[in-house]
Amino acid sequence: MKYTKCLFLLFFFVYQAHYAQFTDEINSNRPGKSMMAFSVGKSIIQVETGLNFQNEDHAALKYDANGLIAELDLRWGLFFEELEFIAELQYQNDQYNSSLVSENRSALKKTLIGAKYLIYDPFKNYEVKPNLYSWKANHRFNWRQFVPAVAVYAGVNLNFSDNPFNYAPPLIKEPTVNPKVMLIAQNHFGSRWVFVTNVMYDKISSDFSSINYVITLTRGFNEKWSGFIENQGYNGDYYSDGVFRLGAAYLINNRMQVDASVGKNIKDSPSLFTAGAGFSWRFDANYKEVKIEKDKGSKTDKKMKKKAEKEKRKRKDEVEIE
């Protein structure tokens, strides 16, 4: 999932009825860890970067580690409006200290390449039409917001060297290639709230396999600022945990945003605290607007419209006769 002007996701509510994936403002997954259901749009290239400080303290094993984690996500909309290719890189460098050893650790912690495809958008070809005869109908609660947009993701984790950050015993080696799949849901509640859910099966073919989730709730405060709160859960043989995050994002202009966030897990084996900032930038010079035909409505809608036009003409004729 992603966070400016209602985390930029709210704009999909307005534009999906007319213009497919593209929005006037950048829509970034940062600063949370969830992935939104919608793509950046065909021919759009987006860069999302972050730098985080992390403190790690293990109460039972009596060690601590402090260092930096650099993140780089590259997103590219290609072939279709609904399709997006994603490369995720994460590099960690820290100082590890225990009663027996003190060392500097550094490695490419994550290399993940995958693709996401939007399979269902509840607002595609949908347009709210005013009811000419009922004020109540025009202000009725919209139950459609409980129907989420749904996307699927598939990718592969690439491991090019020994990873000292995976919490497994040294004798357990991580495969060079192992897959990841994910189901993504995204809801828009009213005009300010966005709720994103990710459920994933990660590193499927290895001893490091885990079933994880991320849920993110975002609120837009105004045209520039938004905030989010998030919970991420891990369930694997070598690492299980829950992490809570909160943060905010600021829209610099239509193509750039900055963000900041903090996070804390719920256990002490190890205890983790992170704080960081990020920057997202979008290149959209090659984008060509893709129009989607609007829903022309049912036969009943057409009859009601014709009836209203007929009565309007009738009243106009009566006024002219008088």
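**Figure 1. The hairpin of strand 2 and strand 3 has 5 residues between its strands.** Within this hairpin, Phe79 takes a positive phi near 75°. Strands, which are DSSP runs of E with at least two residues, and helices, which are DSSP runs of H or I with at least four residues, are numbered from the N terminus. Strand 2 pairs with strand 3 (residues 83–98) in the antiparallel sense over 15 bridges; two strands are said to pair if DSSP finds at least two bridges between them. Opposite Leu68 stands Asn93 of strand 3. The model is predicted, so local features need pLDDT of at least 70 and side-chain atom pairs count only at pLDDT 80 or more, whereas totals for chains, interfaces and linings use all residues. Residues are numbered from 1 along each chain as its sequence is written, and side-chain values use heavy atoms, with hydrogens and water left out.

**Figure 2. A hairpin of 3 residues joins strand 3 to strand 4.** Strand 3 and strand 4 (residues 102–120) form an antiparallel pair over 15 bridges. Gln95 has Asn104, in strand 4, as its bridge partner.

**Figure 3. Glu71 and Arg30 form a salt bridge.** A salt bridge is a side-chain nitrogen of Lys or Arg within 4 Å of a carboxyl oxygen of Asp or Glu. Here the closest N and O atoms are 3.0 Å apart. The pair links distant parts of the chain, since Glu71 lies in strand 2 (residues 63–77) and Arg30 in the loop between helix 1 (10–19) and strand 1 (45–58), 41 residues apart. Glu71 is buried, with a relative accessible area of 11%, and Arg30 is buried at 6%. Buried means under 20% relative accessible area, exposed over 50%, and partly exposed in between (1.4 Å probe, protein chains only). Salt bridges also link Arg30, Lys33, Glu71 and Asp259 in a network.

**Figure 4. Arg75 forms a salt bridge with Glu48.** The closest N and O atoms of this pair are 2.7 Å apart. Arg75 belongs to strand 2 and Glu48 to strand 1, so that distant parts of the chain, 27 residues apart, are linked. Arg75 is buried, with a relative accessible area of 1%, and Glu48 also counts as buried at 1%.

**Figure 5. The side chains of Asp284 and Arg255 meet in a salt bridge.** The N to O distance is 2.9 Å. Asp284 lies in the loop between strand 12 (271–283) and helix 3 (299–321), and Arg255 in the loop between strand 10 (240–253) and strand 11 (256–265), so the pair ties together parts 29 residues apart in sequence. Asp284 is buried at 11% relative accessible area, whereas Arg255 is partly exposed at 42%.
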